[in-house]
Amino acid sequence: MTDSPTQQDVTSRIGRYVTTVAFDEAVNAYVPPPLPPNPPLALSPILLQRLSEADRAIGRLDGVAMLLPDKALFLYMYVRKEAVLSSQIEGTQSTLDDLLQFENAALAGKPLDDVTEVSNYVDAMMYGLQVIRDPTGLPLCLRLLRDMHARLLQRGRGEAKNPGEFRRSQNWIGGTRPGNAHYVPPPVTEMEACLSDLERFLHDDSAAIPPLIKAGYLHVQFESINPFLDGNGRLGRLLIALFLVEKKVLHEPLLYLSLYLKTHREDYYRLLQEVRLRGDWETWTEFFLTGVAETANNAYESAMRIVALFRADRERIAACGEQTNSMLRIHELLQTHPFLNAAQAQERTGLSAPTVNKAFDALEALGVVGEITGKRRGRVFAYAEFLKILESGTQLRQAGG
């Protein structure tokens, strides 16, 4: 076990401040030291326990993901839930319902910028996953992060913020200007060296740092460098899941910490600053590993609830007698399209319009779906219990709440 370092010991963990001019005022910008922390992380009994709990929870989640009857379905929905949460942290007002309805075009109406931004997140995530899984593709690297960033900001409010390009001007976090900011990242002249160091550490396995701890390091360093004009938070959270897939800690990118970070937002920002100001990687790592365990356990429980719901509803439908076949086909479609109208069901199942309408009526009578428009024509049905499981933790607070 490593003894806990004293404040004097950790001086080399603390970055330096450089004076730069931004918007005609001189500000102190922070330049983080290269990773890994020096001196190394003090692995106290509590930290080793948190690492063990996180490893165990990740292993259980990975195991259930392999056993799911439709891994693609769970990934499809889980990525979308994460996209909503990650975007809410950045201040968007979109919900999971909004995203699913937008993607499915079940309800008419022009998509809002908020929904577009969440949809971009899904696109960036799936693109990154595809690239690192392709034997001829890129590893997780700065170029891939830029490519993902281009997708993240391709439409919506971020499209004027240089998608896919590292910033060429000073940015800041919090406050109305650099002079009263909560945090000022390194100036462009220092940022490029910081990014090179980050990429070197990303690919260097010589230090034998446990992947979960290394993922926590990478996230903090990326947030401290803040290399883009917009989208840094979302990309920094995506980096965690993709790194763990690349290191084969997870087969599917099912670990997303946005709900945990959203719930513990004040602690999260405080601990990022504690690393920068005092070199306190121990408290950050304990917080991060606690979040990994909590998040993995929640994802495992959601997977189990979804599997149980689908099985129970299939059994209820099978016991109906009449129209069982058409009802089962629509039920299967609802598992990937929890908002569905008759025209879509007809197109995707090949069933006739009268058959589809009768099947929807029977599913509604059974309590499997509910009609949400209140209209007689152009009806849209929602798979309410499935959506309830998916939406757990993603509901926005009312104004003032």
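Begin by selecting Tyr 260, Tyr 268, Tyr 269, Trp 284, Phe 287 and Phe 288: ring pairs join these residues into a cluster. Please note that the model on the screen is predicted.

**Aromatic pairs**

A pair of aromatic rings is described by the distance of the centres and the angle of the planes. How many aromatic pairs does the count come to? Counting rings whose centres lie within 6.5 Å, the total is 15 aromatic pairs.

Select Phe 23 and Trp 172 next. The centres of these two rings are 5.4 Å apart and their planes stand at 85 degrees; planes over 60 degrees apart count as edge-to-face, so this pair is edge-to-face. Now display the surrounding chain. Phe 23 is in the loop between β1 (16–22) and β2 (25–31), while Trp 172 is in the loop between α5 (142–152) and α6 (188–203), so the pair ties together parts that lie 149 residues apart in sequence. Phe 23 counts as exposed, with a relative accessibility of 61%, and Trp 172 counts as partly exposed, at 26%.

Proceed to Tyr 217 and Trp 281. Their ring centres are 5.0 Å apart and their planes are at 75 degrees, so this pair is also edge-to-face. Tyr 217 belongs to helix α7 (residues 211–225) and Trp 281 to helix α11 (residues 281–318); the pair thus links distant parts of the chain, 64 residues apart. Are these two residues buried or exposed? Both Tyr 217 and Trp 281 are buried.

**Charges over rings**

Select Tyr 127 together with Arg 151. Arg 151 lies over the face of Tyr 127, at 4.0 Å from the ring centre. Then select Tyr 183 and Arg 276, where the charged end of Arg 276 sits over the ring of Tyr 183, 3.8 Å from its centre.

**Helix α14**

Finally, select residues 353–366, which form helix α14. At 1.5 Å a residue, its 14 residues should span 20 Å; the C-alpha atoms at its ends are 20 Å apart, which agrees.

Colour Val 356, Ala 359, Phe 360, Ala 362 and Leu 363, the buried residues of α14. Turn the view to look down the axis of α14: these buried residues fall within an arc of 165 degrees, so they line one face of the helix. Which elements do they pack against? The buried residues of α14 pack against α11, α12 (324–334), β3 (339–341), α13 (342–349) and β5 (380–382). On the face turned away from the buried side, find the exposed residues Pro 354, Lys 358 and Ala 365.

The tour ends at Gly 367, which follows α14 and has a positive phi, near 85 degrees.

Methods: Residues are numbered from 1 along each chain as its sequence is written. This is a predicted model: local features need pLDDT of at least 70, side-chain atom pairs count only at pLDDT 80 or more; totals for chains, interfaces and linings use all residues. Side-chain values use heavy atoms; hydrogens and water are left out. Rings of Phe, Tyr and Trp (its six-membered ring) pair if their centres lie within 6.5 Å; planes under 30 degrees apart count as stacked, over 60 as edge-to-face and the rest as tilted. Helices (H or I, at least four residues) and strands (E, at least two) are DSSP runs, numbered from the N terminus. Buried means under 20% relative accessible area, exposed over 50%, partly exposed in between (1.4 Å probe, protein chains only). A charge sits over a ring if NZ of Lys or CZ of Arg is within 6 Å of the ring centre and within 35 degrees of the ring normal. The expected span of a helix is 1.5 Å times one less than its number of residues. The arc is that of the directions from the helix axis to the C-beta atoms. Contact means heavy atoms within 4.5 Å.
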